[in-house]
Every structure is written in structure tokens, then in C-alpha cells.
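Please consult the sequence and the model together while reading.

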Amino acid sequence: MQPRNMSMSGVVDLAAVKAAQEAKAKAEQTRAETARQGGVGAVSPADLVIDVDEASFESEVLQRSAEVPVVIDFWAEWCQPCKQLSPVLERLAVEYDGRFLLAKIDVDANQMLMQQFGIQGIPAVFAVVAGQALPLFQGAAGEEQIRQTLDQLVQVAEQRFGLTGLTVDPDAEPGERPPAPEMPEGPYDALLEAAVRALDAGDLGGAVQAYKNVLNDDPGNMEAKLGLAQAELLQRVQDLDPQQARKDAADRPKDVRAQIAAADLDLVGGHVEDAFGRLIETVQRTAGEDRDAVRLRLLELFEVVGADDPRVAAARRALARALF
């Protein structure tokens with residue numbers, strides 16, 4: 001089986017897209033600062049390759065993908081090409097010095113994960129970046145091709161998502177993961193407080209602008225990203241007629257704008273699973289620009305609910321199945 005999907009052009013962006021150069025500079029600055037502090041929170045080279053199963057997938061893959069790209073190697077003991085590919089991936093994980101984490105999943109023991117990723121044959125290699133799954137290649141691949149793909153993955157992770165990767169301490173004992181150092185309070189408290197006051201006063205436009213002002217200087221500020229997603233959601237629904245919007249969605253199931261508007265209303269009304277399910281079903285029956293629009297709105301709603309919510313984790317897996 002020949003490799004496929006060696007390009008990273010299909011990566012899914014976060015709702016609040018970072019300015020590429022600013023995010024990359026921030027990632028490099030954070031890594032350098034951690035190194036200057038003596039590698040506090042560092043892992044050993046052995047911890048760059050981990051075994052993952054269905055029980056640990058959310059914590060070891062989805063959650064950790066917020067700090068480092070996670071490359072997933074789907075393999076099985078009986079798979080001869082896997083025995084050639086896996087050692088190469090393991091060696092490169094150490095060589096890339098924390099720029100990505102390699103998660104190994106035995107498909108025989110984890111059939112559900114294999115089905116969720118839509119895998120038809122192994123070896124199959126995926127990546128998860130900031131909670132978003134994307135295919136890298138399937139089947140045997142040469143080391144040069146693998147390196148090119150990993151280079152693109154690392155670049156995308158830094159430039160689009162501001163991921164800093166892991167700091168590797170060669171003297172650290174395997175399995176030790178000391179907590180990262182506490183970061184000093186940022187300089188944006190006044191702006192964030194102004195945004196909250198604007199929200200409380202019903203000034204949604206003012207809140208949106210205040211959060212954007214923070215993100216212009218600090219694209220990775222999670223509080224501002226969450227606040228912006230919430231403020232923009234409220235701004236979108238404030239002029240909607242809920243009854244008419246829901247009627248439009250029911251009458252026109254293929255109308256992307258109608259489904260997006262109804263999903264926004266679902267979320268504001270607390271019907272989280274309904275909002276996610278509506279958009280995932282719309283992704284399944286659309287293509288091209290329409291599919292992209294629905295997918296991006298779904299990612300924005302993930303931001304509103306929060307990555308730690310189990311409903312988001314379930315919807316991310318359903319989205320991955322719908323996309324791939």
C-alpha cells in the first residue's frame with residue numbers, strides 16, 4: 001500500500017486563528033525560557049514514545065495535543081510493515097527532541113479507536129494537533145518522506161497553533177513529568193476585565209474588541225480566546241428570531257447557513273449535544289466551502305464549551321470520523 005495524504009494542507013485551524021509569525025515567535029520564546037529555567041517540567045527521551053489505549057486516549061492524546069503535536073502510530077503485532085515503520089517513528093520522536101509526541105495504538109486491542117479514525121489498513125499514521133485529527137500517511141513510507149511530513153507538522157503546530165512542544169531532559173527518569181513552572185500573571189488583566197464588564201453591560205461589540213485587543217498582542221491567551229468565542233456567539237444570535245431560525249433549519253436541512261444559525265441557538269440554550277450533532281450531520285452531507293464553513297463553526301463552538309468538557313471530546317471524535 002502506497003503512502004497517501006503526505007501534505008499538511010488540510011489541517012484544521014482553531015477558531016481564533018493566530019498570526020503565524022507571532023505564534024511561532026511565542027512558541028520559540030516559551031521553549032527558550034523553559035530551557036533557561038533548567039528544564040523544569042521536562043520529560044525524558046523515553047517519555048516521547050507512549051503506548052495508548054481507549055481508556056487513556058483522551059488524557060494522553062487529546063489533552064496533550066494542546067501542548068505538543070501527537071503523532072499516532074496504529075500498528076499490530078502481526079503487521080510486518082508496522083515492524084519496519086514503528087522503529088523509524090520511535091527514533092525520529094527522540095531525534096526531534098520534543099517537537100512531537102509519538103503515541104502507539106495496538107489496533108487489535110483498541111478496535112473502537114481504529115473504527116473512529118476510519119482506518120482500513122495498517123500501518124496508518126495520524127496526527128492530533130490542538131485536539132484536531134488529521135491523516136499523515138497509510139502504509140509503508142520512506143524515512144525522507146516521513147521527515148518531510150513531520151517537518152510540516154511541526155511548522156503548522158508552531159505557526160498556526162503556537163504549540164511549544166515538550167522540553168526534553170536527557171537525565172530525567174522515564175515516567176517523571178514534573179509540573180510546568182507557574183507563569184507570572186500576564187499584563188492583560190485590565191483589558192480582560194474591561195471585556196467582562198462589557199459583556200455584563202450587554203455591549204457585545206465592546207467585549208469582542210477588548211478580547212481581540214488582547215489576542216493581537218498575545219495570540220495564545222486562552223482566557224481571551226474563550227471570551228472572544230463566547231462574545232461572538234452571543235453577538236451572532238442577538239438579532240435572530242429563534243422560531244423562524246429553527247423553522248428554516250427544519251425546512252432546509254441542506255442549507256448550511258440555516259443549520260449553523262440553529263446550532264448557535266442550540267448552544268446558547270444549553271443544548272450542547274444537539275448543536276454539535278446538528279453540525280456534524282451537516283458536515284457529513286456537505287463538501288467544499290460549505291463543509292469548511294460548518295467545520296469551522298463547530299470548532300468555534302468547541303472553544304465556547306471548553307476542551308475539558310467530555311461532550312467536546314466525543315464530538316471531536318465524531319468530527320474526525322465524518323471528515324476522514
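Asp-292 and Arg-295 form a salt bridge in this predicted model, with their closest N and O atoms 3.5 Å apart. The structure holds 18 salt bridges. Side chains of opposite charge can pair when their charged atoms come close.

**A pair within one helix**
- Asp-292 and Arg-295 both belong to helix α12 (residues 288–305), and because they are three residues apart there, about one helical turn separates them.
- Asp-292 is partly exposed at a relative accessible area of 33%, whereas Arg-295 counts as buried at 14%.

- Glu-143 lies in helix α5 (residues 143–161) and Arg-91 in helix α3 (residues 80–95), so their pairing ties together parts that are 52 residues apart in sequence.
- Glu-143 is partly exposed, with a relative accessible area of 29%, and Arg-91 also counts as partly exposed, at 39% relative accessibility.

- The side chains of Lys-104 and Asp-73 meet in a salt bridge at 3.2 Å, N to O.
- This pair links distant parts of the chain, 31 residues apart: Lys-104 is in strand β3 (residues 101–106) and Asp-73 in strand β2 (residues 70–75).
- Lys-104 counts as buried at 10% relative accessibility, and Asp-73 is buried with a relative accessible area of 0%.

Technical notes
Residues numbered from 1 in each chain as written. Predicted model: local features only at pLDDT ≥ 70, side-chain atom pairs only at ≥ 80, totals over all residues. Heavy atoms only, no water. Salt bridge = Lys/Arg side-chain N within 4 Å of Asp/Glu carboxyl O. Helix = DSSP H or I, 4+ residues; strand = E, 2+ residues; numbered from the N terminus. Buried < 20%, exposed > 50% of the residue type's maximum accessible area, 1.4 Å probe, protein only.
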